[in-house]
Amino acid sequence: MKFLVLVVATFFLFSCVQNSQKPEADAIQNINTQSNAEIQFDKEKVDFGIIPQDTLVTALYQIKNTGSDTLKITDIQPDCSCTSFYVSKFKIAPNDTALVQLNINTFHKHGNIEQYTVLVTNTKKKFYSLKNTAIVN
Amino acid sequence: MKPVVKFSVLAASICFYSCKSEKKSDYSTAKNKSEKLIKFNDVAIDSIQLDSINTSYVGEIYIKDNSLYFLDSRFCFLHEFQKDGSIVHSYIGQGSGKNELPVKNVTFFSFLPNGGSFFMGTGYDCYIFNEKFERINDYAVNWRPTHTYEELLDKPDPSLPEMYSLVYGGKVRAHGDDLIFPIVSQHQAYNPTMKTYAAEARIFASMSLKNGYIKDIYGGFPPFFSKNFDFMVFGFPIFDIDQKNNYKVSFGADSLIYEIDDNMNVKKSFGFQGRNMKTEFKNTSDMELFNSNYHEQSKLNGHYTFLEFFENKDLLFRGYSKGIGEASDGLQIYKDNALIADIDVPRGFRMSGIIDNEVYSNAFIDQSKNTIKIYKFKLTN
């Protein structure tokens, strides 16, 4: 029971973090894709393997701006209310890096889960997808 | 009674009754006309790989005018490919411009008979594009609510549209000016974990493509489901509609296919169970466990997964999974009620359509290899 309370409390904590993490621009907008910002991920997928129900797991992605203009993250779109996020910065100077943290709550989850979080940026490609997978039992 | 009051009472009564749906299926009239005239037992399955695109790797294949389209549900692009998999053009994409889609996730999509496209987001938000992929209309689905949730808790009413939602993972079909889709009630007081559900629930809704108004909810389950509660775990309808408004309807856990007219009179039934299907279904009485039980049962047991009717060829395709331990899924082909083929297809096979006498599958996505593959096979005469 205490464990469940802790998980729920942690979930709300991260929900608050997510709510406080608003990109400057509106969620969906016309983005200037003429910039020379470019994005490089250290990985685009995290597999948590077998994890228990009612727990919180975290995936960390490092992104680097390999272009010559400031990289802007204009929106982050998890596909599930069970996923909250934290981004260390939304504007990343050339050659600088930032962290994207995705927190996945397995409350009421069961079996194979595949979750996709979309990053919207000002690069020419504009959209990127980060995938988290796990088997919840 | 004053005239104004009289009119109000009359108007309220009309509204109350017009909100209710009485169009239910009568399965007692159905005559079974099943026959087997097997013409072939296997097909040579080939595959094509789509050109590389910037994609979320979440999406599905649709066919229009002999072209393949991959709808990327998350990035909201509609990528057009030639039938050999080479990219032609990418349309739409997330955004608020007139050629863009202001959603973060597309949950339902259909091409429209006039060449346009229909998209639905996660909140019953609908968007209509014309054939030039310009957004020309948007609205929300209007379920015509007339009661509070609490009122329905006390007295659930299966004839009210507001009791229902779309069956996620089901297929929506544009038909004339309407969109037709399967529905399910997930209401706490009325849902498929209850033994009374199959007797009274409606299974389809028709929505106006002009404004999202739910015009009607209709149809019902065969009596079979009321007597076999465990089968309701796969009680969702799969269906297609022909030009004469006849529905071809099957259910995940029912081996029969029903032909039903637009007044929901069941004209006939036909069909055979798929090969090697495990059918030891187990439903749950706990609504909170329904989804997890469904996924568990999907691994263990077989069920019918899709139904497509091609009127110009008079061919009806019904796919099925077989259950645990089986290396393949199955695909049945019927012509004039007769089963003419029951073949093995790759697991997870769904049908996206036919181009030049070749059947094309859904998207088989391998993100680790960054590939999107489509299976296809030639129809023999």
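**View 1. The radius of gyration of chain B agrees with that of a compact globule.** For 381 residues a compact globule would have a radius of gyration near 21 Å, and chain B, at 21 Å, agrees with this; the radius is taken over C-alpha atoms, and the globule rule is 2.2 Å times the number of residues to the power 0.38. Along the principal axes, the C-alpha atoms of chain B fill a box of roughly 75 × 50 × 40 Å. The model is predicted, so local features need pLDDT of at least 70 and side-chain atom pairs count only at pLDDT 80 or more, while totals for chains, interfaces and linings use all residues. Residues are numbered from 1 along each chain as its sequence is written, and chains are lettered from A and ligands numbered from 1 in the order in which they are written.

**View 2. Chain B contains five helices and 27 strands.** Helices (H or I, at least four residues) and strands (E, at least two) are DSSP runs, numbered from the N terminus. Of the 381 residues of chain B, 39% are buried, a residue being buried if 20 or more other C-beta atoms, placed from the backbone, lie within 10 Å of its own.

**View 3. Four strands of chain B form an open antiparallel sheet in the order β8-β9-β10-β11.** Because β8 (108-111) and β11 (135-140) of chain B stand at the edges with a single partner strand each, one side of each is left without a neighbour in the sheet; strands pair if DSSP finds at least two bridges between them.

**View 4. In chain B, β8 runs antiparallel to β9 (residues 117-120), and four bridges join the two strands.** Within this pairing, B:Phe109 has B:Phe119 of β9(B) as its bridge partner.

How values were computed:
A residue is buried if 20 or more other C-beta atoms lie within 10 Å of its own, exposed if 12 or fewer, and partly exposed in between; C-beta atoms are placed from the backbone.
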